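Here are a few notes to read alongside the model. Have a look at it first, then work through the points in order.

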Amino acid sequence: MDELRERPGPPWRRWVERAGRGPAWRSALLVAVFTQIGAGWAAHAQSGRVALDGFARLLLLVGPALLVVRHRYPAAVAYGVSVVTLVYVACGYPYGPVFLSLALACFAAVVAGRRRAAWGAVGLLWAGHLLIGHWLYRWLPPDGDGPTPWAQEVGVTAWVLAVLAVAELVRVRREQWARERSERAAAAKRRVDGERLRIARELHDVLAHSISVINVQAGVGLALLDSDPEQARSALSIIKEASKEALGEVRQVLDTLRSPGEAPRTPAPGLDRLPELVEQAGAAGLRVEVTAEGEAPALPPGVDLAAFRILQEALTNVVRHSAARTARIRISRRPGLLELCVDDYGPAAGGASDGSGSGLVGMRERAAALGGTVEAGPRPDGGFRVTATLPLRSTAPGEAL
């Protein structure tokens with residue numbers, strides 16, 4: 001989905017996000033080659049250090065070799081490279097790119113969340129270098145070597161802190177971007193779920209009402225097919241009209257799936273189609289009385305659709321679940337508020353209802369999406385009542401209805 005696609009970020013962000021995730025052997029190989037070449041140049045520049053020999057070349061290979069498994073064992077690799085680097089320094093070999101392996105190992109450990117291991121490995125090297133440079137140098141090569149200048153120690157400390165600071169920055173940024181991606185994905189999923197719920201609610205309301213009318217008229221037609229063919233023909237005509245209307249509304253709902261973002265070909269139903277509901281209920285044997293109170297201002301599209309669907313579902317429930325043959329609808333328009341009330345006065349058909357059916361759940365969801373409420377339950381004097389309160393405010397684009 002478009003909501004889940006990642007926007008291409010700047011090159012530095014892509015590098016940060018991929019850091020520590022690429023093939024480890026490639027970077028290890030590059031470090032090994034660079035270390036071998038750079039150590040040779042450092043040996044020429046530092047004539048007072050021990051010349052590179054086979055053991056030095058081996059140490060320069062062991063460090064990069066350990067980097068191959070730094071993603072799987074970040075802590076062990078950080079300590080291992082630190083020890084190898086410390087041995088190299090203790091043997092008196094020239095300073096140079098030997099520290100690059102340790103920087104990469106500590107970077108990988110911090111990014112992997114093993115911060116203590118990274119700090120421990122760096123602290124081990126720093127303490128060992130301090131010990132060698134100011135005390136053990138008397139017994140270690142090269143011969144005649146003096147104590148390490150404190151300026152060099154400050155430089156080593158600054159280099160260590162810089163490596164760890166960069167690693168920490170990368171780790172924090174990656175965690176932040178991961179949270180942002182997760183939040184965007186969750187928001188997109190909520191939008192998809194809301195749209196799916198809206199479509200399911202629309203289909204339920206359309207099909208439940210139309211099929212209820214069709215079911216009642218089919219029963220009438222079957223009962224009167226032999227004794228009153230004209231009445232049976234009238235029932236079949238009502239079935240045809242109800243099915244045609246249902247197919248049209250279902251097609252409208254499905255068109256929004258085939259062409260997302262396009263305007264619907266037909267307007268969404270509203271209270272202007274209330275006479276059609278009354279007529280359909282009358283065809284099913286239910287007489288409906290409508291009373292309107294207050295002025296009739298133009299309703300926001302979302303409120304208009306929700307009001308129509310709530311009344312449609314309420315009348316459908318009367319036809320399906322009540323033995324009443326009369327229902328009353330009261331529509332009250334007040335400043336900033338629309339109130340709907342549907343009463344029937346008959347006993348429940350097939351058992352009492354407590355107002356917890358799936359259709360009533362859909363009514364409550366529609367009202368809640370607009371900041372309103374729906375209450376449903378038996379009347380004290382018999383029958384059933386559904387009341388809905390909808391605030392008259394414009395709905396935000398994409399809001400579930």
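1. Exposed means over 50% relative accessible area, buried under 20%, and partly exposed in between (1.4 Å probe, protein chains only). Helices are DSSP runs of H or I with at least four residues, numbered from the N terminus.

2. Which residues of helix 9 are buried? In this helix, residues 274–283, they are Leu 274, Leu 277, Gln 280 and Ala 281. They sit on the same side of helix 9 because their arc around the axis is only 120 degrees; the arc is taken from the directions from the helix axis to the C-beta atoms. Just after helix 9 comes Gly 285, with a positive phi of about 95 degrees.

3. A word on where this comes from: the model is predicted, local features need pLDDT of at least 70, side-chain atom pairs count only at pLDDT 80 or more, and totals for chains, interfaces and linings use all residues. Residues are numbered from 1 along each chain as its sequence is written, and side-chain values use heavy atoms, leaving out hydrogens and water.

4. Now the rings: the structure has three aromatic pairs. One of them is Tyr 88 with Tyr 93, a tilted pair at 5.2 Å centre to centre and 40 degrees between the planes. Rings of Phe, Tyr and Trp (its six-membered ring) pair if their centres lie within 6.5 Å; planes under 30 degrees apart are stacked, over 60 edge-to-face, and the rest tilted. Both Tyr 88 and Tyr 93 are buried.

5. Trp 135 and Trp 139 have ring centres 6.0 Å apart and planes at 85 degrees, so this pair is edge-to-face. Trp 135 is partly exposed at 47% relative accessible area, while Trp 139 counts as exposed at 59%.

Note on methods: Helix = DSSP H or I, 4+ residues; strand = E, 2+ residues; numbered from the N terminus.
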